[in-house]
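Hello,

Here is the structure I promised to pass on. Please open it first, then read my notes below.

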Amino acid sequence: IVISGGGDSALDWALFFAENYASDVKLIHRSDNFRAHNDSVQRALDYSKQGKIKMILNSQVSGISKNKNKITLDVQSKNNDLSKINCDNWLPLFGLMPKIGPIGDWGLEIQKNAIKVDNSTDYSTNIDGIYAIGDVNTYPGKLKLILCGFHEAAIMVQSAFKKVYPNKNNVLKYTTVTGVKGF
């Protein structure tokens with residue numbers, strides 16, 4: 001298996017396959033610096049020394065072809081050296097770079113390429129009725145974690161409900177008390 005990337009997902013999968021399933025794991029990364037947790041980077045480097053993971057650094061996949069069940073990757077180094085790697089499976093795990101895009105033209109207050117929100121109340125923006133939750137927002141102490149996005153969504157929905165239905169009372173129900181239908 002060949003894995004491309006240098007973040008948490010790429011290293012986590014490389015470690016997983018090296019420890020459990022694959023006899024040949026290669027990790028291709030465009031740099032020699034990783035954006036993963038230090039522990040994962042150290043374990044991958046240790047596995048590289050042990051021959052469990054072959055690291056191909058300062059390189060990237062520049063082409064792909066398939067013949068029957070074999071994948072051939074064209075790998076180009078920063079020195080423009082080109083090599084070919086045959087594999088059964090390729091996992092490109094390049095990560096995500098959130099960008100504001102056209103929303104940036106709405107008149108929202110932007111800070112650090114993210115939408116500034118009021119996290120002390122309901123994740124509202126500087127425009128009434130517009131909220132921003134998840135990786136697209138920013139506020140003091142912001143953590144870009146999925147768990148935080150779920151929390152932000154729960155708070156924001158309560159405020160949005162009051163705006164959409166000003167005369168209705170929203171009663172919260174907890175799955176731990178009422179159960180979940182179908183279980």
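The largest nonpolar core has 17 residues, and Ile3, Leu11, Val25, Leu27 and Ile53 touch the most other members. Keep in mind that this is a predicted model. Four elements each give this core at least two residues: helix H1 (8–20), strand E2 (25–28), helix H2 (38–50) and strand E3 (53–56). The largest share, six residues, comes from H1.

Now click on Ile3. Which residues does Ile3 contact, leaving aside its neighbours within four places in sequence? They are Ala10, Trp13, Ala14, Phe17, Lys26, Leu27, Ile28, Leu91 and Leu93. There is also a second, separate core of eight residues, and Val2, Ile28, Ile71 and Val75 are among them.

Next, Ser40. This residue lies in helix H2. Is Ser40 buried or exposed? Ser40 counts as buried because its relative accessibility is 8%, and the cut-off for buried is under 20%. Beyond its neighbours within four places in sequence, Ser40 is in contact with Leu11, Asp12 and Leu15.

Then the surface. Trp13, Phe16 and Tyr21 form a nonpolar patch there, with about 360 Å² of accessible area together. Trp13 is found in helix H1. Its relative accessible area is 38%, so Trp13 is partly exposed.

On to the charged pairs. Side chains of opposite charge can pair when their charged atoms come close. A search of the whole structure finds eight salt bridges.

- Glu19 and Arg43 meet through their side chains at 2.5 Å, N to O. Glu19 is in helix H1 and Arg43 in helix H2, 24 residues apart, so the pair links distant parts of the chain. Glu19 is partly exposed at 38% relative accessible area, and Arg43 is partly exposed at 29%.
- Asp74 and Lys84 also form a salt bridge, at 2.5 Å, N to O. Asp74 lies in strand E5 and Lys84 in strand E6, so the pair ties together parts ten residues apart in sequence. Asp74 counts as buried at 19% relative accessibility, whereas Lys84 is exposed at 59%.
- Lys163 and Asp128 form a salt bridge at 2.9 Å, N to O. Lys163 lies in helix H3 (residues 146–164) and Asp128 in the loop between E9 and strand E10 (137–138), so this pair ties together parts 35 residues apart in sequence. Lys163 is partly exposed at 43% relative accessible area, and Asp128 is exposed at 66%.

Salt bridges that share partners also join Glu19, Asp39 and Arg43 into one network.

What about cysteines? A disulfide is a covalent bond between the sulfur atoms of two cysteines. The structure holds zero disulfides. Cys87 is buried, with 4% relative accessible area. Cys148 is buried too, at 19%.

Two loop residues deserve a click. Asn80 is not a glycine, yet it has a positive phi of about 70°. Asn80 is in the loop between strand E5 (70–77) and strand E6 (82–87). At 57% relative accessibility, Asn80 counts as exposed. Lys112 is not a glycine either, and its phi is positive, about 55°. Lys112 lies in the loop between strand E8 (110–111) and strand E9 (114–116). Lys112 counts as exposed at 72% relative accessibility.

Finally, Lys66, in strand E4 (residues 59–67). Lys66 counts as exposed at 62% relative accessibility. How far apart are the C-alpha atoms of Lys66 and Ala36? They are separated by 30 Å, with the two residues 30 apart along the chain.

Best wishes

How values were computed. Residues numbered from 1 in each chain as written. Predicted model: local features only at pLDDT ≥ 70, side-chain atom pairs only at ≥ 80, totals over all residues. Heavy atoms only, no water. Buried < 20%, exposed > 50% of the residue type's maximum accessible area, 1.4 Å probe, protein only. Core = buried A, V, L, I, M, F, W, Y, C linked by side-chain atoms within 4.5 Å. Contact = heavy atoms within 4.5 Å. Patch = residues over 30% accessible without salt bridge, like charges linked within 9 Å, V, L, I, M, F, W, Y side chains within 5 Å. Areas by Shrake-Rupley, 256 points an atom, 1.4 Å probe, with all protein chains shown as cover. Salt bridge = Lys/Arg side-chain N within 4 Å of Asp/Glu carboxyl O. Disulfide = S-S within 2.5 Å.
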